[in-house]
Amino acid sequence: MTVGVNRNDPRFDTLKRGHNARFPSSDADAADRILLCSSHDETAQALRKVVAAGLRPTVRSGGHCYEDFVSNNPHGAIIDLSLCNTVDRDGENGPYRVAPGAVLGDVYLELYKRYDLTLPAGSCYMVGAGGHISGGGYGFLSRLHGLTSDWITGVDILTVDSKGNVIERRVDKDHDPDLLRACRGAGNGNFGIITSFRFDKLPPAPREVAQANLIFDWATMMEDRFTQMLTTYGDYWEGRGKDPDTWGLFTLLDITPAKRGHFGLYIQYCQPDGTAKDLSVLEEFLNRFAAFQPMLLQAHGSLISRQGPSIAGRKIPKGQEGLNNAHEIAVRPALDVTIGGGGSGSPTRGKYKSSYMKRSFTPAEASTIYRFYNSDQITAQNSVLSVDSYGGAINRPELTHQTSIAQRSSIMKLQWQCYWPDASGDQIHLEQLDKFYTDLYTGSHVDAPEHNVRGGTQIHQLPLDLFIGDAVVADLRDKLPAKAITAKDLEKSVGKDIRKGDRLLLRTDHNNTYDGGSEKWMKDSPYLTIDATMWCIEKGIVIVGYDFYHGNDEPGSPRVFHNSRTLSEHGVITMPYLKNLDRIDKQRFTLIGLPLKLIDAEASPIRAVALL
Ligand SMILES: Cc1cc2nc3c(=O)[nH]c(=O)nc-3n(C[C@H](O)[C@H](O)[C@H](O)COP(=O)(O)OP(=O)(O)OC[C@H]3O[C@@H](n4cnc5c(N)ncnc54)[C@H](O)[C@@H]3O)c2cc1C
């Protein structure tokens, strides 16, 4: 029987929210009722009633949504499938079925005990199948066996047509194949309510897995060393980690604040035959980190512990005697490891982001991460950046067409997580995490006049055709390091070619050695003199692009950021942090560098391209 919980019910305050305590944002934003359904039929009936009453339904299974897709639903209804949680088989030999309310820990236990099978799903016991499987959830076995959604062969789903009729569909390769593809990775509440996942087959449950932890001491991690460690990690996944014999290796590098003293790399390994007898792949991986002197930590809760050959047999290189670069490997029953992650703790306020990487880290990226976690920012203290291994079986190209997960050439997946206790911390944490993310991934951008001039034009007010059009490059390579770019220099370089309405790109190649924006790098950047700034304005240039730090000014300028502010005051747009200007081999070409339509924003990232 469906259980209805409305605002007067003592359970309402607990059930109105999921795991992220940020949502609902306020009492008024909460749904008016929660309908807890135990079966497909109950769910269909509940959905019919909600739609007939003109209410907005949102769907919940395990309640572990990162963002605001469920709980903020003013006057609406949450259809909750957490009581719809069986794991079984359709008949004796039919497909395996997982109901959406089953939590991952129970899915693992049931599949193992009943069928000796598993699912390559996530590590948190209490995450629900409904959101996780339909959204392309992944975990320790995913490099070996792909994503959860890769195994779906059918779903039972309730959709609503344009007339408000609830349609019950059994979707598979022969029935609504497009909808099946959509539910294999993009199913989270986007197309309907999934009441059952069906799998024709599932991977065999592994017998045992090997685990190891490497703990790095922040005190020994100067920026250079951190960069080397991070690139060693990324290089492995970009190179050796693509070889099929390594697909059983899964790692989680958790970068945490320097103030905590250390950060860790968790490693798990299982051979394709479900054993951990031959540990050479794991050893090879671990040994790459010996130079970074990991501290010895016994692998978490080991049952059968055996020393890695790299402790027993390794000769400590001269000069490193006394340094602790050991690790210990524990081989444990796979089921213990799989469900060992336990619960997810009490709901707390959190912000999450994800990003996929196709290549290893650049020094600039490593430097940005290093500086964030060595800063005093409150968000740095309350956050963790998990850099997970990805790829392997996930990256089988045919899956791009059969599923709706597009990131099939990524080698790492980053999970940005940040937690704080109460609403007063919302703004600062959201802003600082956003800024960290933007610092890592954006370089080229445009600044609208408001960036420098209070009340100036904002990004969304600028016409798009400004960002598509004729451009010329001024070759100023002789201005490194830190020399003045004068009106005479510009006249000499592009004076003959420049036309009113042009975009002018200043080329020094300084961005080709960008190191994350160190003080030295900024100091070495050339600067536009006052007469060069006025030259740009007088020539009617509409955008000035830089491949160097644009904040330096002629010594004795009347105010800070004189050149970019003066350009802004005259309506000239600045486009800093351009790269690869050395590849433009024509004096005149078309520049395209479109900003995002960010409302009330003073700047936007761009993807700048030159049509030659
Ligand atoms: C502590 C924690 C640990 C995590 N660990 C991992 C991990 O190891 N690996 C990983 O890949 N991810 C992980 N995640 C992310 C998690 O997989 C997703 O947030 C997932 O969507 C949660 O599913 P849910 O059913 O628990 O959440 P819900 O909040 O119930 O739902 C999430 C989304 O799916 C939709 N949805 C839920 N049920 C259905 C349904 N039956 N039909 C259609 N749409 C539905 C909801 O409307 C919502 O949009 C973790 C999240 C948390 C909070």
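The ligand is surrounded by 29 residues, of which the closest are Val59, Ser61, Gly128, His132 and Gly189; a residue belongs to these surroundings if one of its heavy atoms lies within 4 Å of the ligand. The model is predicted, so local features need pLDDT of at least 70 and side-chain atom pairs pLDDT 80 or more, while totals for chains, interfaces and linings use all residues. Residues are numbered from 1 along each chain as its sequence is written, and side-chain values use heavy atoms, with hydrogens and water left out.

By class, the shell around the ligand has 11 nonpolar, 17 polar and one charged residues. Here Ala, Val, Leu, Ile, Met, Phe, Trp, Tyr, Cys and Pro count as nonpolar, Asp, Glu, Lys and Arg as charged, and the others, Gly among them, as polar.

A backbone N or O atom of glycine 189 lies 2.8 Å from a ligand nitrogen atom. Asparagine 188 places a polar side-chain atom 3.1 Å from a ligand oxygen atom, and tyrosine 66 has a polar side-chain atom 3.4 Å from a ligand nitrogen atom. Taken alone, the ligand exposes 960 Å², and the protein buries 90% of that; accessible areas come from the Shrake-Rupley method with a 1.4 Å probe.

Elements giving two or more residues to the shell are β3 (57–60), α4 (129–134) and β9 (193–199). The largest share, three residues, comes from α4. Helices (H or I, at least four residues) and strands (E, at least two) are DSSP runs, numbered from the N terminus.

Notes: A polar contact is a pair of N or O atoms within 3.5 Å; within protein, one must be able to donate a hydrogen and the other to accept it, and residues adjacent in sequence count only if both atoms are side-chain atoms.
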